[in-house]
Amino acid sequence: MDRCCSRSETLRAVISQMVAANDSVPTVTPAGKLSGRRHRFGLAALALVLIVVTFGIVLGGRRPRGRTSSLSITVAGSTSVQPFAEMLAEEYAKQYPNRPAVNVQGGGSSAGGRAVLNGAAQIGMLSRQPAEAEKELTEIPIAHDALAVVVHPQNPISSLSSGQIRAIFAGTVSHWSALGGTGGRIHVVSREEGSGTRTAFDDLIMGSTDVAARAIVQDSNGAVRETIAQDRNAIGYISLGLVDNRVTAVEVDNVKPTLANCRTGEYALIRPFLFLTRQKLDPASQAFIDFVLSDHGQNLLAEEGLVTGK
């Protein structure tokens, strides 16, 4: 605003000088032709100055659209970690309103690793162990998450063994009646290849067995939850922290998926939630990570159903 005002004052001064100069032009020709030409020339020059200076004020007083602050922090990756990172970013902004904003984006664990490697993000989010190409980055555990196998609330099945879950997702068991349930054909809902949740499920349950090609594939935990909430014959897996009254988490190998059982190790479907960064991290990004690892940040994650050391 000060810059615009200064340029406006300059414009007024230039206009005054042009007007004064135009008024002082002599009329020396008998027919007055020289006077008319000079008068028209003066007005044209005045108009040109007005256009140039006004254009300069408009450009100088307005930031180009689409340009973001170089001080913002980008956190990208796992859609499992994403809602928790968004919650932490909101709390961070409340506590430290004058610090750089934290922008959280999804895309999947693999996308998070690539974003840090190519410089598109300062912090990557993973819901699995780092892949070989990501091992050059610094690994920061922020919490652990349990995978919950979930069904529709009206499904009477409340407990499954690891072997039964593997058979369901492989397609070798395809009807609920084979498991003592009611209803028709089982609708398997899985995550996409490259997802940290899918990788963890494959490691913890499937092993070398492939998920059936007929499985419904969703690109986020939220989408899996919504699909199962609307289909009483569906089964899928999501983060334990995202289980709500729309779906029911079943026991696995006769162990309930609770935080207490996760902490004791009795419930086995556990995977890490990680931040990945370059070795040399800027102070603003480090400050956000310090907040996440603080007692307050860890307590917030625990309240959301994640397993932390706090």
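The side chain of R225 reaches the backbone oxygen of L242, at 2.7 Å. This is a predicted model, so please keep in mind that the distance is computed from predicted coordinates.

Where does R225 sit? It is part of helix α7, which covers residues 221-229. Is R225 buried or exposed? Its relative accessible area is 15%. Buried means under 20%, so R225 counts as buried. Leaving out residues up to four places away in sequence, R225 touches I238, L242, D244, R246 and V247.

Next, a pair of helices. Two packed helices are described by the angle between their axes and the distance between the axes. For helix α5, residues 162-170, and helix α6, residues 196-206, the axes come within 10 Å and cross at roughly 125°. Because of that angle, α5 is oblique to α6. Which residues make the contact? On the α5 side they are S162, I165, R166, F169 and A170. On the α6 side they are F201, I205 and M206.

Last, the strands. Strand β1, residues 73-77, and strand β2, residues 102-107, run parallel, and five bridges join them. Within this pair, A76 stands opposite Q105 of β2.

Technical notes:
Residues numbered from 1 in each chain as written. Predicted model: local features only at pLDDT ≥ 70, side-chain atom pairs only at ≥ 80, totals over all residues. Heavy atoms only, no water. Pairing = 2+ DSSP bridges. Helix = DSSP H or I, 4+ residues; strand = E, 2+ residues; numbered from the N terminus. Buried < 20%, exposed > 50% of the residue type's maximum accessible area, 1.4 Å probe, protein only. Polar contact = N/O pair within 3.5 Å; in protein donor to acceptor, adjacent residues only side chain to side chain. Contact = heavy atoms within 4.5 Å. Axes fitted to C-alpha atoms, helices over the stretch in contact; angles between N-to-C directions. Parallel < 35°, antiparallel > 145°, perpendicular 65-115°, else oblique.
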